[in-house]
Amino acid sequence: MSDEEKAQTRQLYWVLAALMTAMVLAMLDGLIVGTAMPTIVAELGGLDHLSWVVTAYTLATAASTPIWGKLGDMYGRKGVYLTSIVIFLAGSALAGMAQSMGQLIALRALQGLGGGGLLVGALAIIGDLIPMRERGRYQGMLATVMGVSMVAGPLVGGVITDHLGWRWAFYINLPIGAVALIALGFLLHLPKKRTEARIDYLGALLLTVSISSLVLLATWGGTRYGWGSAPILGLAALGLVTLAAFVAVERRAAEPVIPLRVFRSANFSLITVVGFLAGFVMFGAMTFLPVFQQTVQGASATNSGLLLLPVVVAMTGVGMVGGRRITESGRFSRFVLIGSALMSVGLFLFALMGTETSRFTSGLYMLVYGAGAGFITRTTLLVSQNNVEAKDLGVASSTATLIRTIGGAFGVSIMGTVFTARVQDAVAGHVGGAGSGQGGAQLDAASLRHLPQAVRSAYEHAVVSGAHQAFLLAAAVAVAGFLTAWFLKDVPLTGPSAAAVQRTAATARVTETADAESLGRGRRDRGADG
């Protein structure tokens, strides 16, 4: 390898490191803030609006994700991606200065607008830089980043909240984001691209209203309002009507937010469903595992992050091995099936946990679940990108990210509804009015120690009962994902044979990375031949 090729390879690694740093910001944010929420409510008040701190960010992220993907396709990925980082950092700085719960919710929405572009933009840029056949090797790195982020989030949030204060849960984004912004500004070089196409604003508006309505339905249904109440039925009608209108608009739009043509591929449609269901169970599981650990197993907020290490160990190991195997074989369906099966088993094991379950036993269960999650996070995006033309690469990435985000929003909301209702009923049944006030709270280990023994025992059993119902629901959803994965067709990944990849991996990686336009032309030719 020549000195020039070595320099190109080093630059590629630096760019990937900067992209993954930006991705970590988006993935860590919700988990860090979740750990800090009790402290935030204690200072700002507004316990009734607690869920909106999370919901506002999720809605803004989900609604803006496809728009960022489209903007990148139309005007070039680098400038658009740097803009999303700036908006995210501005929202983070302002959220850290919030003086009321209303301000914090509004600024979290601003932060979410930028956050919607962090993941999808990074994934699309990686798609431009790395050939499809080689991408499995680098997707293993992404799986590692995702796993570390999901587990490090609660741990980092606990440490920051305990030692620096909750406002630093937002301020911590600033130095990290600045490093990514500067590195990408100087090191990332992509072909400049600008078109005169117009953005489908009507489609974006309809999609935003539909997503918002359905997420609010899942958030409020059965808690603030009954499922048969006028507000819930109204949200359901609004969500479905605007969704139907969105589909109709997208069919006629010159530059649709989500081109419906990508769903003509059966594999793309199926993996989109799998991604939604995976987002449902993954976001939900990572929300309620710390609750179980803190309330039932007596872990502190910081220690509960450490107890989640089996998940990241399994996700990291499987991501690396699975990525290598997919690159060598060029096939993926077996990994989706294995991942869905392991997630289903792991979630069912979570549902069996009780007050006597040791931390070691729950750690073994987490290894099973984490291995399944590692396979799923590795393959869903890869399959999505492999089944669209080069011109739709950004849209495919944004759609996959959007669907996973929506699935996560529904998962947290619906599992939260099931969990909260069961906890309240169980507490009321054990200790009546004396303990009913604890039913809607998430008490940490320190708070529980100050409760009377009868109330503490009742609350622990109530949390076990609520977690049992929530994890059973998640296991059923994971089984649905497993059944959906059976219909995937094992289409070989595009690119040279495995033997050729192994013989010329280093040279091919540098050469193909240095010429993104050539990659795009090759994909278009293959699409025309098909």
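Guide: Gladly, and please keep in mind that the model is predicted.

Visitor: Why is tryptophan 168 called partly exposed?

Guide: Tryptophan 168 has a relative accessibility of 38%, and because partly exposed covers what lies between buried, under 20%, and exposed, over 50%, tryptophan 168 counts as partly exposed.

Visitor: What makes the pair of tryptophan 168 and tyrosine 171 edge-to-face?

Guide: By the rule for ring pairs, the count comes to 9 aromatic pairs. In the pair of tryptophan 168 and tyrosine 171, the ring centres are 5.5 Å apart and the planes stand at 85°; centres within 6.5 Å make a pair, and planes over 60 degrees apart make it edge-to-face, so the pair of tryptophan 168 and tyrosine 171 is edge-to-face. Both residues lie in helix α6 (residues 168-171), 3 residues apart, which is about one turn of the helix.

Visitor: Why is the pair of phenylalanine 276 and phenylalanine 410 called tilted?

Guide: Their ring centres lie 6.1 Å apart and their planes meet at 55°; since stacked requires under 30 degrees and edge-to-face over 60, the pair is tilted. This pair links distant parts of the chain, with phenylalanine 276 in helix α10 (residues 266-295) and phenylalanine 410 in helix α15 (residues 393-431), 134 residues apart.

Visitor: How do you know whether phenylalanine 410 is buried or exposed?

Guide: Phenylalanine 410 has a relative accessibility of 15%, and because the limit for buried is under 20%, phenylalanine 410 counts as buried, whereas phenylalanine 276, at 26%, counts as partly exposed.

Definitions and conventions. Residues numbered from 1 in each chain as written. Predicted model: local features only at pLDDT ≥ 70, side-chain atom pairs only at ≥ 80, totals over all residues. Heavy atoms only, no water. Phe/Tyr/Trp six-rings, centres within 6.5 Å; stacked < 30°, edge-to-face > 60°. Helix = DSSP H or I, 4+ residues; strand = E, 2+ residues; numbered from the N terminus. Buried < 20%, exposed > 50% of the residue type's maximum accessible area, 1.4 Å probe, protein only.
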